[in-house]
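Please look through the sequence and the model below before reading on. The comments that follow are meant to be checked against them, one point at a time.

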Amino acid sequence: VGWCYAADELYRQAGLEPPGAAYFDDEDLESNGVGAISGLRDRVRAGLDRLPRLTGCRIVALTGTSIGPTLEILARELGRASGAAIETIALENSLYGPSVTTAGLLPGADYLAGLERAGPFDLALFSAAALNDHDLFLDDLGLSDLRARFPSRRIMPSHDFIDVLAAS
């Protein structure tokens with residue numbers, strides 16, 4: 001059993017894929033950025049068979065730069081399973097700088113800019129970890145304010161994409 005685990009960003013900076021969930025000895029360290037990539041990968045793949053058909057639906061998945069490459073792979077798998085067209089957008093952190101790469105530390109302004117760049121979409125998904133208990137991002141932009149900028153589109157926080165897509 002390990003007593004210290006490397007954060008996912010360390011693997012990414014070294015050009016390596018983060019290890020599978022078994023490496024983390026059943027520890028829940030995702031809120032610390034450790035094992036988040038493998039945890040997301042495992043949850044998405046375990047839930048693919050629960051997805052409804054979403055043919056014709058255009059989905060935008062916004063994330064931080066560290067999980068961007070993994071999310072591109074998962075988006076293809078989600079698209080094949082659901083029939084939806086899923087685009088990923090990896091966002092650079094304008095508040096803390098490019099060395100902070102996790103989706104949960106992105107300010108609302110970055111999500112807003114990403115959605116403006118995305119063009120038309122039916123549904124936008126982003127990490128629920130980016131919001132506090134009052135549905136505010138780190139820069140105090142509220143989820144309701146973000147949604148108000150795109151009134152005819154659904155914008156949903158998500159833990160693993162399956163949670164929102166399976167309920168669609």
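Predicted model: local features only at pLDDT ≥ 70, side-chain atom pairs only at ≥ 80, totals over all residues.

1. As background for the next two points, most residues other than glycine have a negative phi.

2. Asp135 is not a glycine, and yet this residue has a positive phi of about 60 degrees. Asp135 sits in the loop that runs between β3 (123–127) and α5 (143–148). With a relative accessible area of 39%, Asp135 is classed as partly exposed, because that class lies between the cut-offs of 20% and 50%.

3. Phe161, which is not a glycine either, has a positive phi of about 70 degrees, and its place is in the loop between β4 (154–158) and α6 (162–165). Is Phe161 buried or exposed? The relative accessibility of Phe161 is 9%, so this residue counts as buried, given that buried means under 20%.

4. Asn93 belongs to the loop between β2 (85–91) and α4 (108–118), and because its relative accessible area is 2%, Asn93 is buried. Which backbone atoms lie at 2.8 Å and 2.7 Å from a polar atom of the side chain of Asn93? The backbone nitrogen of Leu95 is found at 2.8 Å, while the backbone oxygen of Leu105 is found at 2.7 Å.

5. Leaving aside residues up to four places away in sequence, Asn93 touches Pro98, Val100, Leu105, Leu106, Pro107 and Asp110.

Note on methods: Residues numbered from 1 in each chain as written. Heavy atoms only, no water. Helix = DSSP H or I, 4+ residues; strand = E, 2+ residues; numbered from the N terminus. Buried < 20%, exposed > 50% of the residue type's maximum accessible area, 1.4 Å probe, protein only. Polar contact = N/O pair within 3.5 Å; in protein donor to acceptor, adjacent residues only side chain to side chain. Contact = heavy atoms within 4.5 Å.
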